[in-house]
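Here is a short walk through one protein model. Keep the structure in view and find each residue as it is named.

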Amino acid sequence: MKQVFIVRTDLTMSCGKAMAQVAHAAAHSNGPAHSDRIVLRGSIEDVEVAKSAAVASDIPFFLVVDAGKTQLESGTPTVLSVGPAPKELVGRITKHLKLY
């Protein structure tokens, strides 16, 4: 099993803010504890494409939307988690993205 977190690097977000957003996504995951978890970088376009592909493939996903209390405007999508799901399925959606 595998789960990836796509962090939007087209936003001006500190590393600490980005990892807090990843933690929010991980907290909403119901996957097994032994799943591989990988943090990737992407743009809003990458997030939208990955979300659509996850929906089409019936893969669990969660989109973190910022509350706007610190660095970003309220309603800004920051991180998309894809999975947990079989590695092959997640890989088809995210293999072109680079590590964060």
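**A buried lysine and its surroundings**

Lys 2 is buried, yet it has no salt bridge; Asp 36, the nearest side chain of opposite charge, is 6.6 Å away. Buried means under 20% relative accessible area, exposed means over 50%, and partly exposed lies in between (1.4 Å probe, protein chains only). A salt bridge is a side-chain nitrogen of Lys or Arg within 4 Å of a carboxyl oxygen of Asp or Glu. Lys and Arg count as positive, Asp and Glu as negative, while His and the chain ends are not counted.

This is a predicted model, where local features need pLDDT of at least 70 and side-chain atom pairs count only at pLDDT 80 or more, while totals for chains, interfaces and linings use all residues. Residues are numbered from 1 along each chain as its sequence is written, and side-chain values use heavy atoms, with hydrogens and water left out.

Lys 2 sits in strand β1 (residues 2-8). Helices (H or I, at least four residues) and strands (E, at least two) are DSSP runs, numbered from the N terminus. Leaving aside neighbours within four places in sequence, the contacts of Lys 2 include Asp 36, Lys 87 and Val 90. Contact means heavy atoms within 4.5 Å.

Which residue does Asp 36 form a salt bridge with? Its partner is Lys 87, and the closest N and O atoms are 2.9 Å apart. Asp 36 lies in strand β2 and Lys 87 in helix α3, so the pair ties together parts that are 51 residues apart in sequence. Asp 36 is partly exposed, at 33% relative accessible area. Lys 87 is partly exposed too, at 41%.

Now look at α3. Its buried residues are Val 90, Gly 91, Ile 93 and Thr 94. Seen down the axis of α3, they fall within an arc of 165°, so they line one face of the helix. The arc is that of the directions from the helix axis to the C-beta atoms. What covers these buried residues includes β1, β2 (36-42), α2 (44-56) and β4 (77-85). On the other side of α3, Glu 88 and Arg 92 are exposed.

The count comes to 3 salt bridges. One of them joins Asp 66 to Lys 17, with the closest N and O atoms 2.7 Å apart. Asp 66 is in the loop between β3 (61-65) and β4, and Lys 17 is in helix α1 (residues 15-27), 49 residues apart. Asp 66 is buried, at 6% relative accessibility. Lys 17 is buried as well, at 12%.
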